[in-house]
Amino acid sequence: MPYNLKEVMNKKERLTPGHRMCAGCGATIGVRAVLRALHEEDRAVIGNATGCLEVSTYTYPYTSWEDSYIHNAFENAGATLSGVETAYRALKKRGRLPENENFKFITFGGDGGTYDIGFQSLSGAMERGHDMVYVCYDNGAYMNTGIQRSSATPMYADTTTTPVGSASNGKMQKRKDLASIIAEHNVPYVAQTTLTKDFKDIYKKSEKAIYTEGACFLNLLAPCPRGWRYETADVMEICRLAVDTCYWPLFEVDHGNWTLSYEPKRKLPIEDFLRPQGRFKHLFKPGNEDLLVQFQEEVDRRWEDLLYKCAK
Amino acid sequence: MSMKDRMSGNEAVAYAIKQINPDVMPAFPITPSTEIPQLVSTYIANNEMDTEFIPVESEHSSMSATIGAEAAGARSLTATSSCGLALMWEELLLAASDRMPCVLALVNRTLSGPININCDHTDSMGARDTGWIQIYAENNQEAYDNFIQAYPIAEDERVHLPVMICQDGFITSHAVENIILNEDPDVKDFVGEYKPEEFLLNPGKPIAIGPYAISPYVMEARKAQEEAMENAREVIKEVAGKYRQKFGRGFDFFEEYRTGDAEFIMLIIGSAAGTAKQAVDDLREKGIKAGVLKLRVFRPFPAEEIAAALKNAKAAAIMDRCESYNGHGGPLASEVRAALFENNVRIKVLCYTYGLGGRDFTVESAYNVFDELSQMVNDGKEFKQHRYIGLRSSQSPEVR
């Protein structure tokens with residue numbers, strides 16, 4: 001079916017307003033975009049690792065979720081939804097659920113709950129092949145506890161556990177490439193996406209992930225205004241710059257086939273993505289030019305690697 | 001009708017699981033409980049049951065998936081021991097606070113370190129305050145009988161709490177003994193169908209589980225959980241009564257063995273109770289009025305009932321297969337002494353730590369305990385109240 005933005009945007013919201021997430025947060029925009037890909041007649045159980053999204057959307061006695069929702073702990077969203085999905089198969093098999101009722105299983109975790117503390121639980125769920133989608137909303141640090149570094153934090157970012165100081169240029173390590181790692185689990189579908197102007201990329205990938213049988217994974221770049229220090233109104237622009245600088249390439253791995261979803265006509269210099277963000281302010285101080293060069297080299301290396309995988 | 005067989009404790013529990021045929025079982029292997037998921041997997045592979053088995057990648061995930069499955073509306077369980085229970089500790093609290101009526105087959109093993117695979121109660125006693133009902137077995141028969149009672153207790157609307165069915169690692173889990181098994185239809189009838197009121201997969205009635213709660217709500221939630229644990233007392237008794245009526249076996253909170261006129265009572269949990277009973281029989285022949293109180297239910301703790309059972313004795317020995325490093329005894333010792341004080345039962349007690357890391361608790365060990373109680377009462381001898389029994393010393397032949 002051709003993508004129709006107006007139609008998609010008019011679908012009923014499955015994460016309703018009134019939650020307590022920040023203005024300019026990429027996570028909620030991303031979650032709503034993913035849920036729009038659910039066919040309206042399908043029910044869903046939403047899982048959630050502990051994090052901003054959980055504490056701000058299900059604060060007792062209020063919930064913003066229209067679908068059934070389960071939060072268990074920080075490190076076990078993969079395992080928890082494994083249990084829910086298995087229960088679905090058990091109850092279906094035993095005739096305890098109506099045959100015409102279809103449930104889909106989608107879990108959300110931040111990069112802390114996904115790349116780090118929940119990595120084992122995620123890996124287990126992916127390897128076992130539960131029919132579910134794990135969506136990582138990657139904002140590149142433990143934002144809920146106050147902007148501590150994670151293995152998703154980019155090199156040189158200023159975080160509260162990698163603070164910039166006279167003896168420090170921020171995080172010293174390169175970020176983990178989680179989408180590739182999950183693709184190496186040989187799951188049917190892995191994609192990297194973010195918020196684009198027409199929301200087509202995230203919609204198409206979410207729909208594919210939700211309606212592909214087996215364990216699927218989406219890595220969603222979800223900017224955080226508190227941690228990245230940009231103007232809240234600029235969230236979409238930040239995402240565009242992440243994509244057009246090739247910091248956050250859009251691609252998918254469909255049954256082992258790597259495909260680039262978007263190739264910028266003109267690849268922008270990484271400075272364009274870094275400059276609007278307070279966490280990289282120190283990179284633009286005189287004397288730190290070499291850090292920018294190194295950052296650019298890392299982006300280029302990964303981009304070339306991705307082009308090779310996509311056989312471009 | 002019933003069937004006679006010979007089985008180990010692990011086999012007995014796996015057999016009960018097969019008879020109940022729950023919906024979902026996530027599990028991860030750990031000695032000495034490994035056989036339980038192995039046997040269940042084999043039953044499934046041979047089409048003798050059709051539970052969905054999830055071979056998870058850790059015990060933290062086994063309890064996480066158990067909670068997920070139970071929340072979704074499926075009757076769920078897992079099995080573990082020792083470090084596995086320790087790894088799922090966070091999830092034990094969540095299972096209870098989310099009010100999940102799931103079941104855990106625990107095969108008691110000590111916790112590291114040093115790493116050791118043998119029995120003591122360090123694992124389950126460490127989890128005693130996680131909000132789970134805890135029921136202990138002396139032998140394979142009791143492990144089997146207790147397991148069949150687990151879901152009727154857990155799923156009762158007055159309770160809605162998870163249940164841990166404990167048996168002693170190797171001593172019970174691996175020793176093959178005679179057992180009486182119930183017929184499949186009788187077990188299915190006793191356990192009944194699972195009909196959850198609220199669950200994730202209830203079409204058209206979505207629910208949310210696992211909220212963030214601010215201070216005005218947390219204490220009320222905990223109090224409701226505490227009340228459920230109090231309610232569990234009468235439900236455990238009811239279920240035990242029904243089980244006795246149907247199958248002719250079992251006890252409520254504890255078994256009283258020759259305690260009626262006993263001057264000296266040993267309060268003990270698990271397989272060592274069998275050894276203690278032998279010592280009691282021997283001592284009775286010598287005219288010593290000894291008895292055993294074997295505790296079956298540790299959570300909820302039957303404080304009043306224990307105090308009443310001990311009140312006519314001259315002295316009691318409280319036996320902990322666990323150290324709690326509080327400087328004055330194990331967890332059972334602390335709870336029993338509090339129960340006696342609260343109920344104005346002022347008998348003399350000695351608290352013993354025994355059998356750690358699989359150390360044998362022998363009939364001779366039990367004689368020594370009763371002898372020390374007698375010396376304390378009859379000879380006025382004073383003892384340090386917290387004592388170790390069966391400890392090797394520099395004088396032991398194997399050390400020399």
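Tutor: Rings of Phe, Tyr and Trp (its six-membered ring) pair if their centres lie within 6.5 Å; planes under 30 degrees apart count as stacked, over 60 as edge-to-face and the rest as tilted. Here Trp228(A), Tyr230(A), Tyr247(A), Phe273(A), Phe280(A) and Phe295(A) make up one aromatic cluster. This is a predicted model, in which local features need pLDDT of at least 70 and side-chain atom pairs count only at pLDDT 80 or more, while totals for chains, interfaces and linings use all residues. Residues are numbered from 1 along each chain as its sequence is written, chains are lettered from A and ligands numbered from 1 in the order in which they are written, and side-chain values use heavy atoms, with hydrogens and water left out.

Student: How many aromatic pairs are found over all chains?

Tutor: The search of the whole structure gives 19. One of them, Tyr247(A) with Phe273(A), is stacked, at 4.6 Å centre to centre and 25° between the planes. Helices (H or I, at least four residues) and strands (E, at least two) are DSSP runs, numbered from the N terminus. Tyr247(A) lies in the loop between helix H10 (235–244) and strand S9 (251–254) of chain A, and Phe273(A) in helix H11 (residues 271–274), 26 residues apart.

Student: Are Tyr247(A) and Phe273(A) buried or exposed?

Tutor: Buried means under 20% relative accessible area, exposed over 50%, and partly exposed in between (1.4 Å probe, protein chains only). Both Tyr247(A) and Phe273(A) are buried.

Student: Why is the pair of Phe190(B) and Tyr243(B) edge-to-face?

Tutor: The pair is edge-to-face because the planes stand at 85°, with the ring centres 5.3 Å apart. Phe190(B) is buried at a relative accessible area of 13%, and Tyr243(B) is buried at 0%.

Student: Which charged end sits over the ring of Phe119(A)?

Tutor: A charge sits over a ring if NZ of Lys or CZ of Arg is within 6 Å of the ring centre and within 35 degrees of the ring normal. The charged end of Lys176(A) does so, 4.3 Å from the centre of the Phe119(A) ring.

Student: How many salt bridges are counted between chain A and chain B?

Tutor: A salt bridge is a side-chain nitrogen of Lys or Arg within 4 Å of a carboxyl oxygen of Asp or Glu. The count between the two chains is 6. Among them is Asp50(B) with Arg94(A), whose closest N and O atoms are 2.5 Å apart.
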